[in-house]
Structure formats: structure tokens, C-alpha cells
Amino acid sequence: MTATSVFTVLAGVWIALTPLFAPDLPAYAATSDVATGAAVAVLASIRLLMPRRTAPLGVLLTLLGAWLVAAPFVLGYGHHPAAAWNNIVVGVLVTMFAGVSVAAMLSSARHMTAEVPPTARDRVRS
């Protein structure tokens, strides 16, 4: 889970910095990338520092990743292929890694709360 959170932090930073490398990107698209990238980086950093307490943030990160995929089409900057493909690829990866992180956390929580079956020694004592 740590590796997925580290990747997600880096992906958020990358998306936030994208407007620096795409100067012809419309202002509204650049604003979306900076805001979404910063949110992804901050939320993934929190997940990295406190993974057990922040499982709901993984769901939010998954939604932000989906927004990164949809943004070029919703905001209409699909005619900037480099920026659009950057968002789509990074968005798919953020969604995938955040989803894996949430699934791992839920699986871990289920295993920790499962009732432990009695051992042979426990049955003898009864």
C-alpha cells in the first residue's frame, strides 16, 4: 500500500506541474490540473502517513483520478493532445492505484476483524 500511495503523491505533483510544460494550455484547464494535482498529492500524502485511518480518502482519490480522465473531454481541451493524453494516462494510473489501495485496506480490515476460530486447546478447556 505504501508504494501505491507514493506513486499517487508523485502523480499529483506531476499533474500540478503540467501547466509549466504546456504553456498553450487554456487557463481553465491549467487551473483544473493544478487544483486536482495538488488535491491528489495532499490526500495521497495523508494516506501515506496514516493509512489505517484514511481509507475514505482512497475513494476520493479514485474519484479525482476519474476526473483527470474526464477533464479533457468535459473542459474541451482534447485538441491539446499532449495535455489530454497526460491527464488520461495519469488519471487511469491514479484511479487504478487508489482503487488497489482501498481494496487492500478493506481486505486487511476484514482479516483483522474476522473471528478467530477456537483452537483444540480452547475446546479441551471448555
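Tutor: Begin with the definition of exposure: a residue is buried under 20% relative accessible area, exposed over 50%, and partly exposed in between. The model shown here is predicted. Phenylalanine 7, with a relative accessible area of 27%, is therefore partly exposed. Phenylalanine 97 is likewise partly exposed, at 26%. For the chain of 126 residues, the buried share is 36%.

Student: Which secondary structure elements does the chain contain?

Tutor: The chain has 5 helices and 0 strands, giving the pattern α-α-α-α-α along the sequence.

Student: How many aromatic pairs does the structure hold?

Tutor: There are 2 aromatic pairs. In one of them, phenylalanine 7 and phenylalanine 97 lie 4.8 Å centre to centre with 50° between the planes, a tilted arrangement. This pair links distant parts of the chain: phenylalanine 7 belongs to helix α1 (residues 2-21) and phenylalanine 97 to helix α4 (residues 81-113), 90 residues apart.

Student: Why is the pair of tryptophan 14 and phenylalanine 21 stacked?

Tutor: Planes under 30 degrees apart count as stacked. The planes of tryptophan 14 and phenylalanine 21 meet at 20°, with ring centres 5.5 Å apart, so the pair is stacked. Tryptophan 14 is partly exposed at 40% relative accessibility, whereas phenylalanine 21 is exposed at 58%.

Student: What share of the contacts in the chain join residues at least 24 apart?

Tutor: Among contacts between residues at least 6 apart in sequence, the share is 64%. As for the surface, the accessible area of the chain is about 7400 Å², and 74% of that area belongs to carbon and sulfur atoms.

Key
Residues are numbered from 1 along each chain as its sequence is written. This is a predicted model: local features need pLDDT of at least 70, side-chain atom pairs count only at pLDDT 80 or more; totals for chains, interfaces and linings use all residues. Side-chain values use heavy atoms; hydrogens and water are left out. Helices (H or I, at least four residues) and strands (E, at least two) are DSSP runs, numbered from the N terminus. Buried means under 20% relative accessible area, exposed over 50%, partly exposed in between (1.4 Å probe, protein chains only). Contact means heavy atoms within 4.5 Å. Accessible areas come from the Shrake-Rupley method with a 1.4 Å probe; for residues, only the protein chains shown count as cover. Rings of Phe, Tyr and Trp (its six-membered ring) pair if their centres lie within 6.5 Å; planes under 30 degrees apart count as stacked, over 60 as edge-to-face and the rest as tilted.
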